[in-house]
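Q: I am new to this one. Could you show me the structure, and then I will ask about it piece by piece?

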Amino acid sequence: MGNLLSTKSGSLTDSRRKFLEKTGASIVLATFGAAFFTSCSSTDDADPTNPNPPGGSSSGITISGNSISINLSIQSALNTSGNWLLIENARTLVANVNGSFVALTSVCTHSGCDRNWTFGNNRFTCTCHGSVFDPRGQVLQGPATAPLTQFGTQVSGTTLVVTR
Ligand code: FES
């Protein structure tokens with residue numbers, strides 16, 4: 001499994017943002033990769049003003065109500081096992097685990113960090129305080145004690161639909 005790009009500079013340009021506003025498209029921020037990592041001290045808690053870098057390409061991702069549609073032709077890296085997405089606006093983690101898609105809330109059950117995640121060896125790690133979860137959201141290592149909520153996934157053609 002190779003590392004995918006780190007898409008830390010992926011904020012929307014003004015023209016792109018205006019286009020999306022005009023078209024009414026959902027604006028999502030997504031981070032893609034196997035090596036996204038931000039450090040947190042042990043005193044960090046959920047902080048909505050935490051200026052973590054915005055995600056990368058949101059192309060092909062649409063949020064509508066409780067549904068997230070991911071065009072796998074556009075977000076093609078997700079077709080490879082071991083790769084994953086953090087869709088910040090939907091607070092959702094999506095990963096390809098041995099060819100199957102899994103989706104979990106990105107809101108850590110420890111103290112609510114929702115965007116400081118890594119994924120490797122089929123484990124999600126919340127880097128706020130180091131909790132580790134398996135692909136079904138079960139706790140492998142604390143301090144979290146409760147599992148992450150798992151969401152349904154379904155592939156239809158080249159579209160992955162996550163139902164929250
Ligand atoms: S918020 Fe503390 S480990 Fe995730």
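Q: What percentage of the residues of the chain count as buried?
A: Of the 164 residues, 32% count as buried. A residue is buried if 20 or more other C-beta atoms lie within 10 Å of its own, exposed if 12 or fewer, and partly exposed in between, with C-beta atoms placed from the backbone. This is a predicted model: local features need pLDDT of at least 70, side-chain atom pairs count only at pLDDT 80 or more, and totals for chains, interfaces and linings use all residues. Residues are numbered from 1 along each chain as its sequence is written.

Q: How many helices and strands are there?
A: The chain has 1 helix and 12 strands, in the sequence pattern α-β-β-β-β-β-β-β-β-β-β-β-β. Helices (H or I, at least four residues) and strands (E, at least two) are DSSP runs, numbered from the N terminus.

Q: Which strands make up the open sheet, and in what order?
A: The order is 7-8-9-10, with antiparallel pairing; two strands pair if DSSP finds at least two bridges between them. Strand 7 (117-120) and strand 10 (139-141) are the edge strands, each pairing on one side only. On average, neighbouring strands of this sheet are turned by 30° against each other, direction ignored. The axes behind that angle are lines fitted to C-alpha atoms, and angles run from 0 to 180 degrees between N-to-C directions.

Q: How many bridges join strand 7 to strand 8?
A: There are 4 bridges between strand 7 and strand 8 (residues 123-126), and the two run antiparallel. Gly120 has Arg123 in strand 8 as its bridge partner.

Q: Is Asn121 buried or exposed?
A: Asn121 is exposed, because 8 other C-beta atoms lie within 10 Å. Asn122 has 13 C-beta neighbours inside 10 Å and therefore counts as partly exposed.

Q: Changing topic, where is the cis peptide bond?
A: The cis bond joins Gly142 and Pro143, with omega about 25°. Pro143 lies in the loop between strand 10 and strand 11 (150-156). As a general point, most peptide bonds are trans.
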